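Thanks for coming, everyone. Let me put the structure up, and then we'll walk through a few parts of it.

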Amino acid sequence: MTSTTDPTRSALAGEAAQPNRAKALAVLCVMQLMIILDATVVTVALPTIQSDLGFTQAGLAWVMNSYLIAFAGLLLLSGRIGDLVGSKQVFLAGLGVFTAASLLCGLATTSEVLIAGRFLQGVGGALASAVILGMIVGLYPAPADQARAMGVYGFTSAGGASIGLILGGVITQTVGWHWAFLINVPIGVVSLVLAQRLLKAQSGLGLGKGADVLGAVLVTAGLSLAVYTIVQTAEPTADVLRTLVLAAVSVALLAGFVLRQARATQPLVALRIFRSRQLTAANLVVVLLFAAGFGFQFMTALYLQRVLGFDSLRTGLAFLPAPILGAVMSLFIGPRLVARFGARALMLAGLVALAAALLVMTQAPVDGSYFVNVVAALVLVGAGTGAAIPAVIMLAMSGAEPTDAGLASGLNNTAQQAGAAIGTAVLATLAASTTAGQLSEGANPVSALRDGYSTAFAAASAFALAALLLGTTLLKRQAPSKN
């Protein structure tokens, strides 16, 4: 008897697989959303946390920095571990650590416990986030489907930051800052159960194929120290000589890592991945894009609170136009534009919108109005980041081989975190120094603040324009996506 394949049955099986694939994508994006939210939801709660736990002003910065240092420092290593032992296993481990650390943060009664919990959140976030992009590419290999999936992920990354500010204000003023962390616990537990069932297990290359312990130590120490060096420059007590020494040590560690990878028989990071002009240039654009985007968010929140006099709840709600426009662009309009014009064209258009938004904010006056001076910029940022982030991620991931998907994912996430750290630190320092100079000349305090923020917005626009220049000159050959 001849065996035949029933085309109707095959079609039904394919349709049945679609909901599970969508659910798997939802689980991945929920984890990414928790990671993004946790990086921003705490921002508006910091004054309350300082009062409750007795932080000094300098010590309070470590609520943010301990998370950021652990996250950025471990991303590349986490991505490679995903390639070696399997992305699902690494994702589940990261989700579990992040959930447990969130519980620790939510129950914290001392500053030391909260900082330790934030560091562990960074570890869990790095493990999970490093493999998410590679898993999405595996779920959606077809270009058109992948564009839509990256649109969902892009909205998670772009809109999550603004949503975090909104939730931070609401949670802090209603149920207390502890719930900014505790809310992750039930979501994390449910996500763990669903991820175990929905995500497909994939065998890795094996630890013997790339367990470069020395390389892992060098890159983790170098990246962690580099991020620490960047974030501490924004502190008023930062010492120039000490900063230069730290920067030199971090550069030496990273240079040692590169030399190690060039000579190791089983490198942690195969340097051949950087031979792809598309991957390398796209990740440089990511650094500048996130420096500009997070810089906009950080400086606009300060302008609303310290110049226009908004409280934390009003500040959070004021950001609503950005995630709404980001959702419309990344989830609905962006995938269609990618299919018609290509990812590069959409990325460039988004960068133009972001640069325009930042230039608008350079003109925001002391006696400004939210609806006259800020809303237009928020609309441009929402549309711009909603277009640019998914597009540039597609460009970066498409430049990697399937066996390097975890590494490429970790590299892209490292670029995002480095960009956010650089943008926040550099812009905060520029704003503070400009304001201090104005005050020394006898300027009105509010006017001095506004001038500081205007300087920072101008610098952030330069980041966006630099990204636009890189994208225009180095990413010229991207064709529209086709099924």
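The chain has 18 helices and 0 strands. Keep in mind that this is a predicted model. There are 483 residues in the chain, and 55% of them count as buried. Now the contacts. Take pairs of residues at least 6 apart in sequence: 84% of those contacts join residues at least 24 apart.

Let's start with helix α9. This helix covers residues 184-198, which makes 15 residues. From first C-alpha to last, α9 reaches 20 Å, close to the 21 Å expected at 1.5 Å a residue. Which residues of α9 are buried? They are N184, V185, G188, S191, A195 and L198. Look down the axis of α9: these buried residues fall within an arc of 165°, so they line one face of the helix. V193 and R197 sit on the other side of α9, and they are exposed.

Next, helix α12, residues 277-307. Its 31 residues should span 45 Å at 1.5 Å a residue, and the end C-alpha atoms are 43 Å apart, so the two values agree. Is α12 mostly covered or mostly open? Mostly covered: 23 of the 31 residues are buried. Just after α12 comes G309, with a positive phi of about 80°.

Now a helix pair. Two packed helices are described by the angle between their axes and the distance between the axes. Our pair is α15, residues 343-361, and α16, residues 370-398. Their axes come within 7 Å and cross at roughly 150°. Angles over 145 degrees count as roughly antiparallel, and that makes α15 roughly antiparallel to α16. The crossing of the two is left-handed. Who makes the contact? On the α15 side, the residues include A343, L346, G350, L354, A357 and M361. On the α16 side, they include N373, A377, V381, G384, A388 and L395.

Last stop: T435. This residue lies in helix α17, residues 405-440. Is T435 buried or exposed? Its relative accessibility is 10%. Buried means under 20%, so T435 counts as buried. What does T435 touch, leaving out residues up to four places away in sequence? A448, L449 and G452.

Over to you for questions.

Conventions
Residues are numbered from 1 along each chain as its sequence is written. This is a predicted model: local features need pLDDT of at least 70, side-chain atom pairs count only at pLDDT 80 or more; totals for chains, interfaces and linings use all residues. Side-chain values use heavy atoms; hydrogens and water are left out. Helices (H or I, at least four residues) and strands (E, at least two) are DSSP runs, numbered from the N terminus. The expected span of a helix is 1.5 Å times one less than its number of residues. Buried means under 20% relative accessible area, exposed over 50%, partly exposed in between (1.4 Å probe, protein chains only). The arc is that of the directions from the helix axis to the C-beta atoms. Axes are lines fitted to C-alpha atoms, for helices over the stretch in contact, and angles run from 0 to 180 degrees between N-to-C directions. Angles under 35 degrees count as roughly parallel, over 145 as roughly antiparallel, 65 to 115 as roughly perpendicular and the rest as oblique. A crossing is left-handed if the near helix is turned anticlockwise from the far one by less than a right angle, and right-handed if clockwise. Contact means heavy atoms within 4.5 Å.
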